[in-house]
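Welcome, and please open your viewer. We will go from stop to stop, selecting a few residues each time and looking at what is there.

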Amino acid sequence: MKAGDSATGRASAGFSADDATLVDECYRQSLDLLRGNSTASGVIACARGDKADGRNYASIFGRDAAICALGMAASGEADLIEHAVQGLRTLAAFQAPNGQIPKYVKPEQVAPRCDGGTTSSAGEADFWYTGCIDATLWWLIAIDIVNELAGGPDLRKEFANPVARALTWLSCQEHQRLFLLQQNEASDWADIMPRSGFVLYSNALWLTVKRRYSIANAEQTRYYFNYLFYPYDHDTTDNRRARVLVHYIRNKVEHRKVYLSFVNFSVWGEEIDVFGNILALLTGAADNSRSREIIGALRALNVAAPYPVKVVADPIAPDDPLWRPYMQRHRQNYPWQYHNGGVWPFVGGFWVWLLARLGRVADAQQAL
């Protein structure tokens with residue numbers, strides 16, 4: 001998909017007449033929704049209302065604004081592209097001195113800026129409890145993809161200074177021998193899940209960032225990504241730390257033909273992070289044979305039933321050692337709920353994208 005293409009027939013190419021009408025209508029409503037949630041400071045994560053405002057959801061979220069920016073740029077709609085870029089600018093304006101991009105910025109307190117500045121005396125930015133590692137990752141990815149799709153001003157040049165600081169901040173989170181990001185639990189999009197140490201989802205994004213920004217050691221990142229998150233192969237490495245981490249896992253984990261959700265010292269995640277696996281395949285972390293194996297495993301687990309997709313295929317139960325008290329906060333993260341196996345349509349969009357990318361057009365159409 002390229003910016004500037006005609007929307008008519010693009011979203012619904014190859015469908016039956018009835019399905020094409022439905023897909024085109026959904027596409028139109030998607031654009032309407034993005035326009036309705038666009039503000040002078042960028043796109044907010046949730047339509048305004050008392051509940052949304054009370055929980056700060058009607059704010060410019062780093063990850064949400066960045067993911068929306070991908071579609072806004074691909075739409076070719078000039079006003080949406082402008083709002084997408086303004087959201088990236090707002091986030092840059094509230095970048096922390098150490099380079100971290102905020103989890104969210106409250107738009108009603110933002111003094112809108114169009115010069116790509118990185119500081120502001122007005123407004124409020126939030127950085128979560130134990131950090132928010134993926135807002136910075138998604139912001140970097142969005143800048144490069146929007147720049148690639150939308151044309152216009154050179155965003156890589158405009159954001160050169162905040163990009164450099166963001167990359168420096170991320171490099172400080174990287175293990176210097178394993179070339180993977182390290183994080184605390186509950187510090188990415190699944191912010192009431194116990195993944196910690198080396199996390200599949202975050203490192204799939206890190207590999208994408210490294211490749212897009214030509215960061216050193218990208219291939220080492222890919223190697224250790226597969227060595228740790230897919231530990232079923234019995235190859236060896238000279239890296240003793242990596243060998244010890246995998247030693248605890250091998251012969252204790254069932255080979256489910258998918259990546260583990262995280263690896264920490266003597267503990268790991270077997271709940272099957274569907275989003276993390278999708279991103280791993282989209283970013284090219286897996287070779288072709290492994291990609292086919294993982295897709296087959298996810299389909300066998302019915303992750304797209306009843307709708308695309310359940311973000312966890314084997315939820316963490318309250319009697320599991322990985323269960324945390326915060327997972328029952330608001331009674332929303334029990335098995336098959338919220339981050340613990342609920343259906344998230346935006347992740348379903350990445351599932352459709354992946355199927356199409358792998359040439360499974362009929363499967364992608366059915367999922368859409």
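Which residues does R290 touch, not counting residues up to four places away in sequence? Select R290 together with N226, Y230, D233 and Y259, and you have the answer on screen. Touching here means contact, that is, heavy atoms within 4.5 Å.

Before moving on, note that this is a predicted model, in which local features need pLDDT of at least 70 and side-chain atom pairs count only at pLDDT 80 or more, while totals for chains, interfaces and linings use all residues. Residues are numbered from 1 along each chain as its sequence is written, and side-chain values use heavy atoms, with hydrogens and water left out.

R290 sits in helix α12, residues 288-300. Helices (H or I, at least four residues) and strands (E, at least two) are DSSP runs, numbered from the N terminus. R290 counts as buried because its relative accessibility is 14%; buried means under 20% relative accessible area, exposed over 50%, and partly exposed in between (1.4 Å probe, protein chains only).

**Next stop: two helix pairs**

Select residues 200-212, helix α8, and residues 274-282, helix α11. Their axes are 8 Å apart and the packing angle is about 20°. Axes are lines fitted to C-alpha atoms, for helices over the stretch in contact, and angles run from 0 to 180 degrees between N-to-C directions. The two helices, α8 and α11, are therefore roughly parallel to each other; the classes are roughly parallel under 35 degrees, roughly antiparallel over 145, roughly perpendicular from 65 to 115, and oblique for the rest.

Now show side chains: L200, Y201, A204 and L205 of α8 make the contact with F275, G276, N277, L279 and A280 of α11. Sorted by class, the contact of α8 with α11 has seven nonpolar residues, two polar ones and no charged ones. Here Ala, Val, Leu, Ile, Met, Phe, Trp, Tyr, Cys and Pro count as nonpolar, Asp, Glu, Lys and Arg as charged, and the others, Gly among them, as polar.

Then turn to helix α9 (residues 218-229) and α10, which pack at about 25° with axes 9 Å apart. That makes α9 roughly parallel to α10. From α9, select Y224, Y227 and L228; they meet A242, R243, L245, V246 and I249 in α10. The contact of α9 with α10 divides into seven nonpolar residues, no polar ones and one charged.

**Next stop: the backbone**

Most residues other than glycine have a negative phi, and most peptide bonds are trans. Look at K257, in the loop between α10 (240-249) and β7 (262-264): phi of K257 is near 60°, a positive value. H330, in the loop between α12 and α13, also has a positive phi, near 60°.

Stay in the loop between α12 and α13 (345-357) to find P306. The peptide bond from A305 to P306 is cis, with omega near 5°. Another cis bond runs from P308 to V309, with omega near -10°.

**Last stop: cysteines**

How many disulfides does a search of the whole structure find? The search finds zero, a disulfide being a pair of cysteine sulfur atoms within 2.5 Å. For C68, the nearest cysteine sulfur is that of C46, 11 Å away. C68 counts as partly exposed because its relative accessibility is 26%. For C132, the nearest cysteine sulfur is that of C68, 15 Å away. C132 is buried, with a relative accessible area of 1%.
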